[in-house]
Amino acid sequence: MLRLEALQKSFGGVRALASLSLEVRAGEILGLIGPNGSGKTTAINSITGLYRPNGGRVLFDGRDITALPPHRVTRLGISRTFQNLRLFPSRTVEANVRVAQAPLCHSPAAWLNVFPTRSARALEEERLRLIGELGLQARRQDLARNLSFGDQKRLEIARALAPRPKLLLLDEPAGGMNPAEIEALKGTLLAIRGRGTAILLIEHNMNLVMGICDRITVLNFGEVIAEGTPAAVQGDPRVIEAYLGTD
């Protein structure tokens, strides 16, 4: 589904991605882990068009999308969340999700729900389903800035799902969540994968990563140092030394 071929990205004299190659397969959850500064978020920014790589290619469904701007990447079926929240704080939960449905709309009237057309009603039903699925039904008319941090994280996921992506890129979705919220998130991500949406997951919570990922790729200094099943990666001496550490 998604393939990165020798992706390179530098910022001045700092090399963020050396020669990154990885693949996300249809219907899987791929974990992308590594120390802070290892290039994980740079990889997502390069996939989604926020950064222009210095070398290599990004392929999605066999198409080269390396030079595409973010809105075109989204329309092809890739959505993302951000490590630092990118919500509209003075808009309601429902309005935040409605904005993200724009790629599905053929007319402004349907998007803004100006007229009670069949397409507008279908979008509204889908919007409310997503809000409910992420546990935000009771807060749907609340302003985003009034939500707890955990609820804001869930709202980001709902927005990322709104354009019906084939591939969902999640940048530390469990950050700031308590154990109960992380357990609920685990169930949500497994349900998303169960509906056929592939997930690329960046996360530091190893209980979540090891519990739901089909495969894991480990980065260090912009390079892959290990990849494989959670069990194989967890026991790799290079990963233990660079990232996981010992008890």
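The following legends describe close-up views of a predicted model.

Residues are numbered from 1 along each chain as its sequence is written. In this predicted model, local features need pLDDT of at least 70, side-chain atom pairs count only at pLDDT 80 or more, and totals for chains, interfaces and linings use all residues, while side-chain values use heavy atoms, without hydrogens and water.

View 1. Strand β4 (residues 55-60) pairs with β5 over two bridges in the antiparallel sense (pairing requires at least two DSSP bridges between two strands). The bridge partner of Phe 60 in β5 is Arg 63.

**View 2. The hairpin of β1 and β2.** Strand β1 (residues 2-11) pairs with strand β2 (residues 14-24) in the antiparallel sense over seven bridges. Leu 7 stands opposite Leu 20 in β2. Two residues lie between the strands of this hairpin, where Gly 12 takes a positive phi near 65°.

**View 3. The packing of helices α3 and α5.** Helix α3 (residues 93-100) packs against helix α5 (residues 118-133) at an angle of about 120°, with their axes 10 Å apart (helices are DSSP runs of H or I, at least four residues; axes are lines fitted to C-alpha atoms, for helices over the stretch in contact, and angles run from 0 to 180 degrees between N-to-C directions). The contact (heavy atoms within 4.5 Å) includes Val 93 of α3 and Leu 128 of α5.
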